[in-house]
Amino acid sequence: MEEGGGGVRNLVPGGPVLLVLCGLLEASGGGRALPPLSDDIPFRVNWPGTEFSLPTTGVLYKEDNYVIMTTADKEKYKCILPLVTSGDEEEEKDYKGPNPRELLEPLFKQSSCSYRIESYWTYEVCHGKHIRQYHEEKETGQKINIHEYYLGNMLAKNLLFEKEQEAEEKEKSNEIPTKNIEGQMTPYYPVGMGNGTPCSLKQNRPRSSTVMYICHPESKHEILSVAEVTTCEYEVVILTPLLCSHPKYRFRASPVNDIFCQSLPGSPFKPLTLRQLEQQEEILRVPFRRSKEGVGWWKYEFCYGKHVHQYHEDKDAGKTSVVVGTWNQDEHIEWAKKNTARAYHLQDDGTQTVRMVSHFYGNGDICDITDKPRQVTVKLKCKESDSPHAVTVYMLEPHSCQYILGVESPVICKILDTADENGLLSLPN
């Protein structure tokens with residue numbers, strides 16, 4: 001055994017990080033009792049090398065709060081652990097500002113709507129009014145058939161008040177409801193909506209929903225997810241910056257607590273077996289992996305009226321590119337005869353404006369799974385934003401090598417009304 005900040009543990013390079021952390025946290029470091037392992041407190045192991053200074057902001061670190069780790073190959077590392085505490089408790093206690101309902105009031109008063117486009121359904125959340133789920137199909141003779149359900153309305157005051165009163169009581173007792181969102185327990189403010197379309201599976205009882213508003217400082221009230229938690233009862237998660245001024249609902253920018261492991265004399269900066277495993281993972285990476293929302297390994301390139309490509313750039317291996325679809329106007333017009341190429345939005349005054357156009361790009365690279373060319377439907381949608389050049393892009397793959405590329409931007413708002421019955425736009429040179 002070697003003495004250090006609490007003892008020596010065996011570290012299996014390349015083993016699951018959770019197992020590594022279990023070994024770390026069972027020890028005691030620098031004379032202190034280390035915190036128990038909890039799924040609510042995520043950790044990440046870093047290998048910074050010898051030339052390293054501890055962070056001076058965020059989570060607190062102390063030089064004597066460490067353990068010595070030894071791998072199966074006798075490599076030794078000094079691992080400095082974070083002192084996990086909550087630094088927001090005092091701020092939450094002193095907060096005297098508006099309650100969450102008051103913070104969200106501007107969103108309800110301005111009658112704005114948020115949309116989420118999925119492979120079949122489109123979801124519409126008009127804040128303070130209703131939630132609608134619908135699908136549009138073009139029938140013979142260019143008639144548009146709309147299949148829709150209302151998942152909730154604000155007319156059901158009893159359900160609304162019940163949810164709000166429950167949320168206010170929990171806030172007073174410091175029991176803010178939380179939801180696991182992408183691995184992080186996130187506080188939310190619930191708004192109930194009832195009196196939706198009758199549900200045949202529940203003796204025609206009306207559908208109902210809980211809209212969960214969560215803080216995200218850079219969001220524009222987007223719909224993060226829609227889920228049917230029980231038959232005809234739904235949960236809708238909305239990202240909004242309006243709640244972020246309330247400390248109990250504030251976005252935590254970095255929930256992951258870093259553990260810094262530095263090599264001791266005679267050991268490499270990172271365990272050899274771990275480095276070998278990382279190299280194997282890179283080699284075995286699935287070549288056509290599509291990461292969520294188009295962020296990660298693949299990036300997407302959309303050239304209007306030309307093509308859609310997905311690509312990955314590596315400093316060693318160079319650029320890997322896949323043609324997802326290419327533009328052919330005649331093929332698109334044939335596609336538009338059977339699909340909705342131009343979708344409308346009904347304004348409060350009864351007038352209709354074009355909300356979205358869909359374009360078909362076919363003849364992409366051959367798909368290894370289907371042995372057919374890849375193809376993609378590009379959905380161009382108007383999205384209001386304070387920044388006139390803001391663009392939101394997401395990629396879905398409802399069927400193997402058949403994609404939906406969503407492109408939302410204020411730039412698109414200016415040209416949608418030029419769309420003809422096939423969704424083709426008249427653009428200036």
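Is S263 buried or exposed? I looked up its relative accessibility and found 13%, so S263 counts as buried. The cut-off for buried is under 20%. I keep in mind that this is a predicted model.

Next I placed S263 in the fold. S263 sits in strand β17, which spans residues 257–263. I then listed its contacts, leaving out residues up to four places away in sequence. S263 touches T50, K76, Y77, P268 and F269.

**Positive phi**

I turned to backbone angles. K74 is not a glycine, yet its phi is positive, at about 65 degrees. I found K74 in the loop between β3 (60–71) and β4 (76–83). K74 has 64% relative accessibility, so I noted it as exposed.

C401 came up next. Its phi is also positive, about 65 degrees, and C401 is not a glycine. I traced C401 to the loop between β24 (392–399) and β25 (402–409). How does C401 count, buried or exposed? I read 4% relative accessibility for C401, so it counts as buried.

**The sheet around β14**

I moved on to strand β14, residues 208–215. How many of its 8 residues are buried? I got 7, so I put β14 down as mostly covered.

Then I checked its pairing. Strands of a sheet pair through backbone hydrogen bonds, in either a parallel or an antiparallel way. β14 pairs with strand β11 (residues 189–193) in the antiparallel sense, over 5 bridges. M193 stands opposite S209 of β14, and G192 stands opposite T210 of β14.

With strand β16 (residues 233–240), β14 runs parallel, and 8 bridges join the two. S209 turns up here again: its bridge partner in β16 is Y234.

I wrote down the whole sheet. It is open, has 4 strands in the order β11-β14-β16-β15, and its pairing is mixed. Which strands stand at the edges? They are β11 and β15 (223–230). Each has a single partner strand, so one side of each lacks a neighbour in the sheet.

Helix α3, residues 100–109, lies across β11, β14 and β16. I noted its angle to β11 as about 55 degrees.

Key: Residues are numbered from 1 along each chain as its sequence is written. This is a predicted model: local features need pLDDT of at least 70, side-chain atom pairs count only at pLDDT 80 or more; totals for chains, interfaces and linings use all residues. Side-chain values use heavy atoms; hydrogens and water are left out. Buried means under 20% relative accessible area, exposed over 50%, partly exposed in between (1.4 Å probe, protein chains only). Contact means heavy atoms within 4.5 Å. Two strands pair if DSSP finds at least two bridges between them. Axes are lines fitted to C-alpha atoms, for helices over the stretch in contact, and angles run from 0 to 180 degrees between N-to-C directions.
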